[in-house]
Amino acid sequence: MSAHAHLHAPVGGPLWTRPFRILVGVFAFCALFFVYRFAAGLGASTALNDGYPWGIWIAFDVVVGTALGCGGYAVALLVYILNRGTYHPLVRPALLTSALGYTMAAVAIHFDVGRPWLLLRVPIFPHHWNLDSALLEVALCVMTYIAVLWLEISPAFMEKWREGPPGFLRRTSEKAAPIVDKALPWLIALGLLLPTMHQSSLGTVMLLTGTKLHPLWSTPLLPLLFLVSCLGMGFAVVVFESALSSGVLGRQRETPMLASLAGIMVPVLAVFSVIRFVDLGLRGKLGLLGTFDLYTGMFLIETLLFLAPAFMLLSPKARNDAGNLFRAAMVMILGGAVYRLDAYIVAFRPGSRFAYFPSFAEMMVSLGVVALEVILYVVIVKHFPILSAPGAEAAVRPARA
Amino acid sequence: MTAVDRRTLLKGVAATGAVAASGIALPALGRVAKVAPPDAVGLLYDASLCIGCKTCVVACREANDKKPDTKLSGGLWDMPSDLNGQTKNVIKLYKDPDSPERSYFKAQCLHCIDPACVGACMLGALQKREYGIVTYDPFFCSGCRYCQMVCPFEIPKFEWEKLAPKIVKCELCNHRLKEGKQPGCTEVCPRQAVIYGKRTDLLAEAKRRITENPKKYRGQRKGDAPKVYGETEGGGTQCLYLAHVPFEKLGLPDLSAEPVPQVAQAVQHGIYQGAVAPIALYAVLGAVVFRNRKKQEEAPPAGPGGGAGGAK
């Protein structure tokens, strides 16, 4: 336990810096649209329609958002299953972004559904669960996973509260910490199982749209492709976030560790692309790539965005170049995001009578949710031991010789 | 990154792939397509008989307590552009710009035998009930609109303008059937262009009309043999169509006989049948995490980050 205290430390420093004030200002502006959505209804505030019932609140906030929240999943997989303890300093920051990312996705859902007050019925009416529904599985898994993520990250909060002034928080932390510590392996396993389930199910969700989803995307392997893409995005987010926090919050760079992490991204990216092409071949749809239209174009862009970072990170030297690593992670995040947006919106074809482009209010709500996430992230890392402590870096040597 | 790391990872990914692939391939054969209940009822709409009087549209409004849609007519008369949040039944006109070919088309829920919407709905707000009618219960609807995403016929509509919106779709006037009446639309049709009955009877009648008049009716595309749309499409529907123009012109999609939800649900059930796979995976993950944690606790903290790894 004491070894752990050296690993993580609060960033500290003043909270109300200039960038933070701007961030809060952005959020306040977007919050107006939160109100507008509920005051005016979905018809007035969104560009959604009967042909495109799902827009960016689902495709971006939930489908891309939770994939960006897979940092915790990806790192936990490395640390606890592949037993790479080296990466342990990355676990807490990754878990925090995951917890925040998933929580914000859950917030966004409440803007999107027409009758959000009835979402509560989903967990409390098990006798009404439709076990055929992939969406139900996603909903239940995400709800549970959010709880698991906050429990997994709770030791970081309790670590601080235990040393704080006597009171409710301190008493609770002292009592709860050993319990959470005991339960942690089972929580960790649950934290690995749940994303495996619902990230793949996010693929199954679109499989049910049948012929309405363009054949370049619609494949029985959608669940697998969604799973692999969330892992790739998860790793990339960890790299991205770590580089950003070292730049913005002035933390020490974790480049050697990130470089070895990047080495794992290469096969993941390659596997994704290989699966896609093999699948197209097996389904006899490779010929579709010969037609030049929007769909072929998007497919090729996705493929490029997945393969480019793999090439960028091919050599160990390139992986140790912090700037290159950061850029590769950005491309990879972009690739995953484009793939998911395509599968949910662009490649979805309800017929030529319908069109969709997000309204200003939709974009502001999505932006507001992201702003809120960043605000919470900054507040938490400044006050709680989440990021790796200065000096801890030296003790943790990279696995690569 | 060491080669060992990557090899382990590749192995992991390959294993996942193999599991996923077998999970998909095997049960796909296993999922049994649903069949129509013996008392299944439906509609038969013969486009060649319809004169486009729209009496059925009015009758539908009265039967279902829906106000006329006057948005397009500037508040003057009922003029729905299509099915929408207040219109469960609509007559559309198809006109070929290059030939005199024209036809009316009645749009309403087709009441699939194996409906995608019912498979999609989280709490079963959409369900197939008596006579195989796909019904809607707003009490269990969170307004997620997944049913709209999956319907191949674009039938379920949403009350976009309302603050407590519901899904709106034809429920074959099941409230009237209980009173021994017909659906609103079939009751008033002056030409019997749309008739109500048991699906088996309607199908026989439709086939009789084709046999009697094979030249009059059409298939999916131009030149195709005449067919009854809905006999097999998307696993079959309880509402059937006959037309004197190709069905694709009327906006009816070219669906195979495979039920729309067949593949997706085979995949879903393949992975989750009896919750065996998730439980097994959880047991394996739990065991591995436990073992790795123990190993790290026992190992001297000399290894790179080893001590820290276990002591979370």
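In the predicted model, 46% of the 312 residues of chain B count as buried. The secondary structure of this chain amounts to ten helices and nine strands. Among the contacts in chain B with a separation of 6 or more, 63% are accounted for by residues 24 or more positions apart.

For Tyr131(B), the angle is about 60°, and the residue is placed in the loop between strand S4 (126-128) and strand S5 (134-136) of chain B. Tyr131(B) has 19 other C-beta atoms within 10 Å and is therefore partly exposed, the threshold for a buried residue being 20 or more. Glu154(B), likewise not a glycine, has a positive phi of about 55°. The loop that holds Glu154(B) runs between helix H4 (146-150) and strand S6 (157-158) of chain B. With 19 other C-beta atoms within 10 Å, Glu154(B) is also classed as partly exposed.

The buried residues are Gly71(A), Gly72(A), Tyr73(A), Ala74(A), Val75(A), Ala76(A), Leu77(A), Leu78(A), Val79(A) and Tyr80(A). Just after H5(A), a positive phi of about 55° is found at Asn83(A).

The axes of H5(A) and helix H6 (residues 88-112) of chain A come within 7 Å and cross at roughly 155°. Because angles over 145 degrees count as roughly antiparallel, H5(A) and H6(A) are roughly antiparallel to each other. The crossing of H5(A) past H6(A) is left-handed. On the H5(A) side, the contact is made by Gly71(A), Gly72(A), Tyr73(A), Val75(A), Ala76(A) and Val79(A); on the H6(A) side, the contributing residues are His88(A), Leu90(A), Val91(A), Ala94(A), Leu95(A), Thr97(A) and Ser98(A). By class, this contact comprises eight nonpolar and five polar residues, with no charged residues.

H11(A) passes H14(A) in a left-handed crossing. Thr255(A), Leu258(A), Ala259(A), Ala262(A), Met265(A) and Leu269(A) of H11(A) make the contact with Ala322(A), Leu325(A), Ala328(A) and Met332(A) of H14(A). Nine nonpolar residues and one polar residue take part in the contact of H11(A) with H14(A), and no charged residues are present.

The buried residues of H15(A) include Ala361(A), Glu362(A), Met364(A), Val365(A), Gly368(A), Glu373(A) and Val381(A). The buried residues of this helix pack against helix H2 (18-40), helix H3 (42-45), helix H4 (56-68) and H6 of chain A.

Finally, Pro178(A) is located in helix H9 (residues 168-207) of chain A. This proline has 10 other C-beta atoms within 10 Å and is therefore exposed, given that 12 or fewer such atoms define an exposed residue. Pro178(A) and Val63(A) are 115 residues apart in sequence, and their C-alpha atoms are 35 Å apart in space.

Technical notes
Residues numbered from 1 in each chain as written. Chains lettered and ligands numbered in written order. Predicted model: local features only at pLDDT ≥ 70, side-chain atom pairs only at ≥ 80, totals over all residues. Left-handed = near helix turned anticlockwise from the far one by under 90°. Helix = DSSP H or I, 4+ residues; strand = E, 2+ residues; numbered from the N terminus. Contact = placed C-beta atoms within 7 Å. Nonpolar A, V, L, I, M, F, W, Y, C, P; charged D, E, K, R; others polar. Axes fitted to C-alpha atoms, helices over the stretch in contact; angles between N-to-C directions. Parallel < 35°, antiparallel > 145°, perpendicular 65-115°, else oblique.
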